[in-house]
Amino acid sequence: MPKVEGKKRIVVKVGTSTLTHATGKTNIARMAKLVSVLSDLKNEGHEIALVSSGAIAVGAAKLGLLSKPDTTADLQACAAVGQCELMFLYDKLFSEYSVTVSQLLVTADNLDNPLEKKHLLDTFNQILNYCALPIINENDSVYVAELLNGDNDCLSASIAKLINADMLIMLTDTDGLYDDNPRENADAKLISRVEKIDDNILCTAGCAGENGTGGFYTKLKAADIAVSAGIPTVIMNGEKPTSIYKVLAGENIGTYFEAAKK
């Protein structure tokens, strides 16, 4: 894995399973560690954009629900409640490191409309020029495609492509891409590097984590969007956010997807 040198624009995507315990409630310790790592990377001079899932799980917990709801209306309501709580936590944690955060709720329509896309890019660039850290989620209360299918995977890749990021790092609940489903096959082996995402690679996709909505197939789709745009992508376990340092140092962490040559 190449070492990341110099000032870089990095998109980090964190999934619901990384931000929550098995109970569905927020994993505050892990969230705090992720915030400290991203704040430190900003201090190194990198520009960081965070695509964060978790609003539905956080909202369900705050509403006292014992499990994740299964109707679209309930999911949207949980997202509306949870987004407030999620941003409150991020704002509080990042403020401990004097990092100003911003919230951007995006839909696929925003990215498909040329004028809205331009305005969105202008907003991103200005936020980063202000040395603030944008936190992005899909607007799940009004748009349900990612809510039901993707857990922000493809959104993170689309954002990376939009802002011409230098790298996309996706944090999930497995160590990366395996040659078989590690939950079912103890002998499954981690694939440390993928030069090209083809049908054989897509066939290795596993199942979703307990609290997430996106299986590994959506992560591969996201990686394909990013690498096709010339953005190297890493899918890694988010259990230890400090491993992001190892990724940037060029160590073999997770699965590295080589960017297509521009």
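Hi everyone, and thanks for coming. Before we look around, please keep in mind that this is a predicted model, where local features need pLDDT of at least 70, side-chain atom pairs count only at pLDDT 80 or more, and totals for chains, interfaces and linings use all residues. Residues are numbered from 1 along each chain as its sequence is written, and side-chain values use heavy atoms, with hydrogens and water left out.

Let's begin with the charged residues. How many salt bridges does a search of the whole structure find? It finds seven. A salt bridge here is a side-chain nitrogen of Lys or Arg within 4 Å of a carboxyl oxygen of Asp or Glu.

One of them joins Glu47 and Arg9, with the closest N and O atoms 2.7 Å apart. Glu47 sits in strand S2 (residues 47-52) and Arg9 in strand S1 (residues 9-14), so this pair ties together parts that are 38 residues apart in sequence. A quick word on those labels: helices (H or I, at least four residues) and strands (E, at least two) are DSSP runs, numbered from the N terminus. Are these two partners buried or exposed? Buried means under 20% relative accessible area, exposed means over 50%, and partly exposed is in between, using a 1.4 Å probe and protein chains only. Glu47 has 14% relative accessibility, so it counts as buried. Arg9, at 15%, counts as buried as well. There is also a network of salt bridges here, linking Lys7, Arg9 and Glu47.

Now please find Asp153. Asp153 forms a salt bridge with Lys13, and the closest N and O atoms are 2.9 Å apart. This pair links distant parts of the chain: Asp153 is in helix H8 (residues 153-162) and Lys13 is in strand S1, 140 residues apart. Asp153 also forms a salt bridge with Lys219, where the closest N and O atoms are 3.3 Å apart. Here, too, distant parts are linked, with Asp153 in H8 and Lys219 in helix H10 (residues 216-228), 66 residues apart. How buried is Asp153? Its relative accessible area is 0%. Lys219 counts as buried too, at 6% relative accessibility.

How do their axes lie? The axes come within 8 Å and cross at roughly 10°; axes are lines fitted to C-alpha atoms, for helices over the stretch in contact, and angles run from 0 to 180 degrees between N-to-C directions. That makes H8 roughly parallel to H10, given that angles under 35 degrees count as roughly parallel, over 145 as roughly antiparallel, 65 to 115 as roughly perpendicular and the rest as oblique. On the H8 side, the contact (heavy atoms within 4.5 Å) is made by Asp153, Cys154, Ala157 and Ser158. On the H10 side, the residues include Thr218, Lys219, Ala222 and Ile225. Here is a handy general point: an α-helix has 3.6 residues a turn, so residues three or four places apart point the same way.

How many disulfides does the structure hold? It holds zero, where a disulfide is a pair of cysteine sulfur atoms within 2.5 Å. Cys78 is in no disulfide, and the nearest cysteine sulfur, that of Cys84, is 13 Å away. You will find Cys78 in helix H4 (residues 72-95). Cys78 is buried, with a relative accessible area of 2%. Not counting residues up to four places away in sequence, Cys78 touches Ala55, Ile56, Gly59, Ala60, Leu63, Leu65 and Pro69.

Several of those names lead us to helix H3. H3 (residues 55-62) is mostly covered, with six of its eight residues buried. Which ones are they? They are Ala55, Ile56, Ala57, Val58, Gly59 and Ala60. After H3 comes Gly64, whose phi is positive, near 80°.

Two last stops. Thr20 is in the loop between helix H1 (16-19) and helix H2 (28-43), and Thr20 is buried, with a relative accessible area of 4%. A polar atom of the Thr20 side chain lies 2.8 Å from the backbone oxygen of Thr16. Finally, Ser102 is in strand S3 (residues 101-106) and counts as buried at 16% relative accessibility. Leaving aside neighbours within four places in sequence, Ser102 is in contact with Met87, Ile127, Leu133, Pro134 and Ile135.

Technical notes. A polar contact is a pair of N or O atoms within 3.5 Å; within protein, one must be able to donate a hydrogen and the other to accept it, and residues adjacent in sequence count only if both atoms are side-chain atoms.
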